[in-house]
Structures are given as structure tokens and as C-alpha cells.
Amino acid sequence: MSTGKPFKVIVTHPEVPQEGLDILKEHCEIIQVNSLPTNRAELLEKIKGVDGAFWGGHEKLNAEVLDAAGPQLKSVSTMSAGIDFVDVPELKKRGIPLGHTPTVLNTAVADLAVGLVIAASRRFQEARKKIDTDNWENYHLNWLLGQDIRDSTVGFYGFGGIGQAIAKRLLGFDIDQVLYTTRRRVHKEIEEELKAKKVDFDTLLAQSDFIVIASPLTADTQGVFNATAFNKMKETAILVNIGRGKIVNQDDLYEALKSNRIFAAGLDVTDPEPLAPTDKLLTLDNAVVLPHIGSATKRTRAEMATIAAHNVLRGLAGEPMFSPAY
């Protein structure tokens with residue numbers, strides 16, 4: 001049965017915000033994957049013959065999927081900033097444009113990162129445990145003392161849109177300076193606005209009071225925060241990760257936190273995800289761990305769905321995507 005609409009688009013997740021679906025429905029016939037978590041067999045069956053794919057989750061997007069879809073597939077967009085679950089060379093080889101939704105989640109993730117900076121430096125997790133275990137010892141003067149953000153040096157591993165949005169917020173806390181490690185230097189105006197200076201990785205580790213990981217996961221960034229790195233950090237330093245879990249060697253982080261080699265960590269991303277409730281990292285007082293909720297605001301998710309939908313439609317029309325991944 002034909003709907004009279006020129007294109008068929010698969011939506012791979014049942015919880016894609018309505019804002020995105022409404023945009024697609026105007027121009028396309030939608031095929032929806034209903035299983036949650038995604039049933040790979042359902043996905044591979046329903047993707048047959050589609051013209052476009054709105055990739056709603058983090059299910060692997062690889063040759064198997066593209067082969068199942070068929071050669072008429074000509075537009076794909078993820079509803080995410082990171083695309084480490086996508087076989088990018090495979091899509092490029094087949095000449096299929098790929099969109100993603102990076103900039104729209106900068107605000108929500110940056111707000112959460114600042115929350116982690118405060119929670120880790122001021123010992124929120126440990127303090128809450130004191131209440132839960134009836135150890136509220138308010139007669140001490142030096143009880144649960146944390147680290148100040150004021151006058152600190154904040155280092156960024158990765159300094160794109162999200163890193164810069166975090167730095168901008170932290171300026172309001174009267175930090176002293178920003179250091180960053182990236183492949184390319186950012187514009188001079190951005191450096192001046194954010195009191196930022198490009199340094200090598202070792203300098204970043206040695207001089208930062210806070211280190212924020214805001215880099216994508218690549219072969220070069222995987223596992224770079226390991227025992228060697230933690231041993232170069234200040235003992236008072238706080239690590240915050242809103243990038244990807246695998247950028248940190250989690251066993252080494254556990255040891256560094258347990259031995260007080262570094263002061264604390266605030267993590268919105270872990271390796272693996274989901275993290276088992278029995279994971280040793282969760283036994284530590286000085287680790288604040290969240291279940292990857294950086295972009296989890298209603299407004300942000302609606303905006304991500306809207307951009308992904310426009311990406312798919314532009315790809316189908318043979319126009320440049322609103323937010324291309326390459």
C-alpha cells in the first residue's frame with residue numbers, strides 16, 4: 001500500500017520526541033522500530049528498502065545494517081553528538097551522508113559538568129552517605145572540607161563547543177585560568193574571552209586543579225587517562241568526565257581515587273554503560289557517578305530530534321545537511 005509520500009524513513013527508537021517525528025511525517029512514510037532495548041533482528045528486518053534512517057539510539061550502525069537496508073539508502077542522521085557507534089568509513093565508502101546533533105546539547109551538558117565540578121569538589125556523595133549512615137558529625141570544624149573553584153586552574157582535555165560552554169560558566173566562579181589540550185589551537189578571540197591557553201598534555205596534568213574531559217572517543221583518546229596520567233596530577237585535583245567512559249582507564253582511576261592520589265572524580269560517562277551496581281567504583285566516597293544524563297532535558301532532546309529530522313530530509317533532497325558529521 002502506497003502512502004503517496006516519496007520517501008520511506010526508519011526511526012530506530014520508540015521514544016524519539018514527537019517534534020522530530022512530526023517533521024518527518026510531513027514528507028515521508030515512517031517505519032518505526034518498537035523494541036526497547038533495540039531488537040537487532042527487528043531493526044534489520046524493518047530497514048529493508050528504506051531511503052533514510054533516523055538513528056535514535058546507540059545501536060551499532062555498520063555494514064550489516066547498510067547491507068540490510070539496500071543500495072537506495074541515501075541519508076542517515078544520528079540523534080547524538082558522539083558517533084563512536086557508527087562505522088564512519090563504511091558510510092563514506094558508500095557515499096551516504098551522515099548527520100548528527102552536536103551543538104544543541106552543549107548547554108545541557110555544560111550545566112551538568114559544572115554540577116559535577118561542584119559535587120566532586122565539595123564531596124556531595126560522601127556527605128550524603130554520612131547522613132544515610134547516621135554519621136552527621138557537625139561538632140567538627142574541619143569536617144568534609146572540599147576544594148575551592150575560586151582562583152583555580154581548570155584544564156580541558158578537548159575544547160570544542162561543550163568544553164568552551166563549560167569554561168564560560170566557570171568564569172562566573174572566578175577561576176584563575178583555563179588550560180586546554182587539543183590537536184588544533186582555538187581562535188585567539190575565544191582564548192582571550194575564556195582566559196584560555198593551549199598546553200601539552202603533561203602540562204595540563206601537572207598544573208590543573210580541575211580537569212574536564214570533553215573530547216570525543218577516538219583511537220588516540222582511548223585510555224589516555226591512566227595510572228601514568230593520574231601520577232602527574234596534583235593530589236588535590238578533581239577529574240570530571242562528560243566525554244566518553246573509555247577515555248579513562250577505570251581500573252586506574254579506581255586506584256587513584258582509593259589511594260587519594262587525586263582528590264575526587266565526577267563522571268557522567270563510564271566504561272561500560274550501564275555500570276553494574278556492584279562495580280567497585282561505586283564503593284568510593286570520592287567518586288560522583290551519574291548514568292549518562294548530560295543531554296537529558298526535555299528541551300534538549302526535542303531540539304536534537306528536530307535537527308536529526310532536518311538532517312535526514314536534507315540528505316534525501318540531496319542538499320547539504322543542517323549538521324553534517326563529515
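Here is a quick tour of this structure, topic by topic. The model is predicted, so to speak of local features a pLDDT of at least 70 is needed, side-chain atom pairs count only at pLDDT 80 or more, and totals for chains, interfaces and linings use all residues. Residues are numbered from 1 along each chain as its sequence is written, and side-chain values use heavy atoms, with hydrogens and water left out.

**The sheet**

- Look for an open sheet of 7 strands with parallel pairing, in the order β8-β7-β6-β9-β10-β11-β12. Strands here are DSSP runs of E with at least two residues, helices are runs of H or I with at least four, and both are numbered from the N terminus. Two strands pair if DSSP finds at least two bridges between them.
- At the edges sit β8 (196–198) and β12 (287–289), each of which pairs on one side only.
- On average, neighbouring strands of this sheet are turned by 15° against each other, direction ignored. For angles like this, axes are lines fitted to C-alpha atoms (for helices, over the stretch in contact), and the angles run from 0 to 180 degrees between N-to-C directions.

**A look at β10**

- β9 (residues 210–213) and β10 (residues 238–241) pair in the parallel sense over 4 bridges. F210 stands opposite I238 in β10, and V212 has V240 as its bridge partner there.
- β10 and β11 also pair in the parallel sense over 4 bridges. The bridge partner of I238 in β11 is A264.
- I238 and V240 point one way from β10, L239 and N241 point the other way, and all are buried. Buried means under 20% relative accessible area, exposed means over 50%, and partly exposed is in between (1.4 Å probe, protein chains only).

**Salt bridges**

- Searching the whole structure turns up 19 salt bridges. That term stands for a side-chain nitrogen of Lys or Arg within 4 Å of a carboxyl oxygen of Asp or Glu.
- D84 and R244 make one of them, with the closest N and O atoms 2.9 Å apart. This pair links distant parts of the chain, 160 residues apart: D84 is in the loop between β4 (75–78) and α4 (88–93), and R244 is in the loop between β10 and α11 (250–258). D84 is partly exposed at 39% relative accessible area, while R244 counts as buried at 16%.
- R169 and D111 form another, where the closest N and O atoms are 2.6 Å apart. R169 is partly exposed at 26%, and D111 is partly exposed at 44%.
- K280 and D251 meet through their side chains at 3.0 Å, N to O. K280 is in the loop between β11 (264–267) and β12, D251 is in helix α11, and the two are 29 residues apart. K280 counts as partly exposed at 34%, and D251 is partly exposed at 48%.
- Salt bridges that share partners also join D67, E90, K93 and R94 into one network.

**Spaces inside and at the surface**

- The count comes to 1 cavity of 30 Å³ or more. On a 1 Å grid over the protein atoms alone, a cavity is a set of points where a 1.4 Å probe fits but cannot get out, a pocket is an open set with protein on both sides within 12 Å along at least five of seven lines, and lining residues have an atom within 4 Å of a point.
- The largest cavity holds about 30 Å³ of space. Its lining is made up of N241, G245, V248, Q250, L253, L267, V269 and T270, which divide into 4 nonpolar, 4 polar and no charged. Nonpolar covers Ala, Val, Leu, Ile, Met, Phe, Trp, Tyr, Cys and Pro, charged covers Asp, Glu, Lys and Arg, and the others, Gly among them, are polar.
- The second largest pocket has a volume of about 150 Å³. Volume is the space filled by probe spheres set on the grid points, which are joined across faces, edges and corners.
- Of the 15 residues lining the second largest pocket, R123, E126, N260, F263 and N286 are the closest to its centre. α6 gives the most to that lining, with 3 residues. The lining divides into 8 nonpolar, 3 polar and 4 charged.

- P274 sits in the loop between β11 and β12 and is exposed, with a relative accessible area of 72%.
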